[in-house]
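I'd like to walk you through one protein chain, step by step. Please have a look at it before I start.

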Amino acid sequence: MYFSNGFSTEDDSRGGHDQICCLIDNNERCTRQAGNASYSKRIQKTVQQRKLKLIRDDSVSHIYICDTHKNMIQSVRSKRKRKDSEDDRGSPEAEEDVPDIDFFQMPVNTLRRYKRHYKIPTRQGLNKAQLADAVAKHFKNIPVVEKEALTFFIYMAKNYKSRLDQKYIDTVPC
């Protein structure tokens, strides 16, 4: 089974139970017991990009790695961060992974409502492209404290049902 993080955790007959890690770390063969994580092509690409000194030992028939190397690789993988996040370390790499929202695909009315809600100062008579640019610039600069946002979201999800949930409950026959 493959998870979205690129590591395989399938527990089958070939699992890393009796095997040692398949990696060579800084020119020394790792001697730790291999876990269930595998050294997939995606993980190899991450290792290459981050310039880690890890290579696979070609004399080994499996691709399982130890938990130490799995954690090392996971720790260097970049995660999405906002500018004012508590976890932000000020690295330039964090900006690269922020997904872009195509505000040009949104209707003009939506862009105007966003502008009005956040009181974005712009001149009057902007066309759709200019309005989308102003909204996108504002959106990217909104400070978000991730822990607070997640806590509030979970609280609201647990305690208040949305209108969509209510419609679904009303239409389901009992």
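I'll go from the overall layout to the cores, and then to a few aromatic rings.

First, some ground rules. This is a predicted model, where local features need pLDDT of at least 70 and side-chain atom pairs count only at pLDDT 80 or more, while totals for chains, interfaces and linings use all residues. Residues are numbered from 1 along each chain as its sequence is written, and side-chain values use heavy atoms, with hydrogens and water left out.

Let's begin with the layout. The chain has seven helices and three strands. Both kinds of element are DSSP runs numbered from the N terminus: helices are H or I with at least four residues, and strands are E with at least two. Reading from the N terminus, the order is β-β-α-β-α-α-α-α-α-α.

How are the three strands arranged? They make an open, antiparallel sheet in the order β2-β1-β3. Its edge strands are β2 (28-29) and β3 (54-56), each pairing on one side only. For two strands to count as paired, DSSP must find at least two bridges between them. Strand β1, residues 23-25, is joined to β3 by three bridges, and I24 has I55 in β3 as its bridge partner.

Now, what is inside? Of the 174 residues, 24% count as buried. Buried means under 20% relative accessible area, exposed means over 50%, and partly exposed is in between, using a 1.4 Å probe and protein chains only.

In soluble globular proteins, nonpolar side chains tend to be buried together. Here the largest nonpolar core has 13 residues, and L23, Y39, I65 and I73 touch the most other members. A nonpolar core, by the way, is a set of buried Ala, Val, Leu, Ile, Met, Phe, Trp, Tyr and Cys residues joined through side-chain atoms within 4.5 Å.

Let's stay with L23 for a moment. Beyond its neighbours within four places in sequence, L23 is in contact (heavy atoms within 4.5 Å) with several residues, among them Y39, I55, I65 and H69.

For contrast, find helix α6, residues 146-159. From first C-alpha to last, α6 reaches 20 Å, close to the 20 Å expected at 1.5 Å a residue; the expected span is 1.5 Å times one less than the number of residues.

Finally, the rings. How many aromatic pairs does the structure hold? There are two. Rings of Phe, Tyr and Trp (its six-membered ring) pair if their centres lie within 6.5 Å; planes under 30 degrees apart are stacked, over 60 edge-to-face, and the rest tilted.

F103 and F139 have ring centres 5.5 Å apart and planes at 65 degrees, so this pair is edge-to-face. F103 sits in the loop between α3 (93-96) and α4 (108-118), while F139 is in helix α5 (residues 128-140), 36 residues apart. F103 is buried at 6% relative accessibility, whereas F139 is partly exposed at 24%.

The other pair, Y114 and Y118, is tilted, with 4.7 Å between centres and 45 degrees between planes. They are about one helical turn apart because they lie four residues from each other in helix α4. Y114 is buried at 16%, and Y118 is partly exposed at 40%.

That's my tour, thank you!
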